[in-house]
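Colleague: I'm new to this one. Can you walk me through it?

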Amino acid sequence: MSKGIYVVVEQRSGKVQNVGLELIGEATRLKQDLPDDVVAVLLGSEIEGEVEKLFHYGADKVILVDHPYLKECVTEPYTKAITAIINEFDPEIMLFGASSIGRDIAPRVASRVKTGLVAETTGLRTAKTEEEFAKEASMGCADPTRALLMTRPAFGGNLMATLMCPRTKPQMATVRPGVMKKIEKDETRKGELIKYNVDFTEADMNVEIMEVVKADKKSVDLTEAKLIVSGGRGVGGPQGFDIIRDMADALGAEVGSSRACVDAGWIEKDRQVGQTGKTVRPDLYMACGISGAIQHVAGMESSEFIVAINKNDAAPIFEVADLGIVGDLKVILPKLAEAVRKYKASKATN
Ligand SMILES: Cc1cc2nc3c(=O)[nH]c(=O)nc-3n(C[C@H](O)[C@H](O)[C@H](O)COP(=O)(O)OP(=O)(O)OC[C@H]3O[C@@H](n4cnc5c(N)ncnc54)[C@H](O)[C@@H]3O)c2cc1C
């Protein structure tokens with residue numbers, strides 16, 4: 001019988017990435033209804049030093065494949081290793097980050113093991129109601145109590161679709177970085193390490209990496225930011241972002257944006273928050289001159305505290321805001337930035 005909630009944990013330059021820890025967190029939540037082990041799959045070269053961390057964040061077991069071919073993510077060896085793990089261990093569920101790595105590897109693996117894949121999910125849960133069990137059973141699911149319901153935006157984000165994979169295993173999904181929450185780190189947690197060998201041949205390494213070049217443009221990772229000040233079309237143009245940057249600077253925050261401004265060329269794409277941008281979960285998200293379209297909200301509604309500034313008191317962004325300010329951002333933001341700087345200066349002198 002298929003068993004285990006598996007998470008493929010990404011590493012870059014030998015360091016485990018947050019998205020893997022977030023997925024382990026989600027797997028521990030799924031485990032409350034589907035009491036299988038949470039198993040992290042870690043591929044890399046000389047990477048055993050990262051294993052403990054996976055236990056600390058909730059993994060019961062770690063399957064480690066350590067091989068020079070896996071130092072960087074190369075499509076063929078990664079696909080081969082994960083496919084071999086599925087064939088050997090027969091997981092019930094397998095989760096990947098919807099990152100460039102997960103988007104590349106997950107569909108290939110799904111195709112090789114002949115199962116389905118739900119891409120870019122934003123919600124995962126087990127089937128719970130009699131109606132859901134009956135639906136799963138009618139579609140050929142042998143044990144509906146182990147069925148995973150995977151939710152993702154559909155039709156341009158205008159509705160949320162819940163999908164199932166009733167007949168084949170594993171039930172596979174990719175999840176966007178920032179959507180799920182890590183659990184609290186517990187350094188006393190221990191688990192079982194399984195070292196797994198994959199029979200690589202020279203032909204598997206069908207790509208030669210000459211050099212790894214990091215993008216020289218300073219790209220931001222909004223998914224890691226604790227504070228974000230975002231601007232929308234209401235800033236009025238590329239210069240309008242000077243006010244947003246100044247507010248962000250006062251707070252020590254990152255600058256985000258709606259897609260409208262990215263499409264208009266006012267700001268770089270890696271600043272875009274939303275369904276086709278980044279999913280963020282900062283402690284503070286300030287939406288300035290952003291109307292609150294469903295596709296934007298999908299990427300920021302899990303923020304701890306949302307402040308919206310908009311001159312239209314009926315703007316939908318106020319529906320998700322914890323604090324709404326109706327007014328002109330060009331008047332409000334400079335005053336707010338000044339007040340924050342004054343407050344910080346007074347704290348520093350006290
Ligand atoms: C498939 C698909 C995917 C998409 N993905 C994304 C995505 O990832 N992220 C995203 O953001 N959008 C996305 N969109 C676009 C989305 O539908 C909206 O068009 C977009 O979010 C609107 O951006 P906005 O709020 O900046 O602009 P607008 O909707 O034009 O809103 C501007 C707001 O600024 C206010 N305003 C104007 N002047 C001022 C002022 N001086 N002071 C204060 N407030 C002012 C206005 O009242 C208005 O509410 C997507 C759309 C589709 C179809």
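Predicted model: local features only at pLDDT ≥ 70, side-chain atom pairs only at ≥ 80, totals over all residues.

Colleague: Sheets, then. What is the strand order in the open sheet of seven strands?

Modeller: The order is β7-β11-β6-β1-β4-β5-β12. The pairing is parallel.

Colleague: Which strands stand at the edges there?

Modeller: β7 (117-121) and β12 (192-195). Each has a single partner strand, so one side of each has no neighbour in the sheet. From one strand to the next, the twist averages 20 degrees.

Colleague: How many bridges join β5 to β12?

Modeller: Four, with β5 covering residues 61-66 and the two strands running parallel. In that pair, Ile63 stands opposite Ile194 of β12.

Colleague: Which strands does helix α1 touch where it packs on the sheet?

Modeller: Helix α1, residues 18-30, touches β1 (5-9), β4 (38-44), β6 (93-97) and β11 (171-175). The direction of α1 makes about 175 degrees with that of β1.

Colleague: And what does helix α3 lie across?

Modeller: Helix α3 spans residues 75-89 and lies across β1, β4, β5, β6 and β12. Relative to β4, α3 runs at about 150 degrees.

Colleague: There's also an open sheet of three strands. Is its pairing parallel or antiparallel?

Modeller: Antiparallel, in the order β8-β9-β10. β8 (123-126) and β10 (159-163) are the edge strands. Each has a single partner strand, so one side of each is left without a neighbour in the sheet. The twist here averages 25 degrees from one strand to the next.

Colleague: What holds strands of a sheet together in general?

Modeller: Strands pair through backbone hydrogen bonds, either parallel or antiparallel.

Colleague: Back to β9. How many bridges join β9 to β10?

Modeller: Five, with β9 at residues 148-154. Thr151 stands opposite Thr162 in β10.

Colleague: New topic, the ligand. Which residues come nearest?

Modeller: Arg233, Ser258, Thr276, Ser291 and Asn310, out of 25 residues around the ligand.

Colleague: What kinds of residue make up that shell?

Modeller: The shell divides into 16 polar, five nonpolar and four charged residues. Helices α7 (259-263) and α8 (294-297) each supply at least two of its residues.

Colleague: How far is the side chain of Thr276 from the ligand's nitrogen atom?

Modeller: An N or O atom in that side chain is 2.6 Å from a nitrogen atom of the ligand. Gly289 has a backbone N or O atom 3.0 Å from a ligand oxygen atom. Leu329 has one 2.9 Å from a ligand nitrogen atom.

Colleague: How much of the ligand does the protein bury?

Modeller: The protein buries 77% of the 990 Å² that the ligand exposes when taken alone.

Colleague: Which peptide bond is cis here?

Modeller: The bond from Lys169 to Pro170 is cis, with omega near -5 degrees. Pro170 sits in the loop between β10 and β11.

Colleague: And what is the phi of Glu46?

Modeller: Positive, about 50 degrees, although Glu46 is not a glycine. Glu46 is in the loop between β4 and α2 (51-56).

Key: Residues numbered from 1 in each chain as written. Heavy atoms only, no water. Near = heavy atom within 4 Å. Polar contact = N/O pair within 3.5 Å; in protein donor to acceptor, adjacent residues only side chain to side chain. Areas by Shrake-Rupley, 256 points an atom, 1.4 Å probe, with all protein chains shown as cover. Nonpolar A, V, L, I, M, F, W, Y, C, P; charged D, E, K, R; others polar. Pairing = 2+ DSSP bridges. Axes fitted to C-alpha atoms, helices over the stretch in contact; angles between N-to-C directions. Contact = heavy atoms within 4.5 Å.
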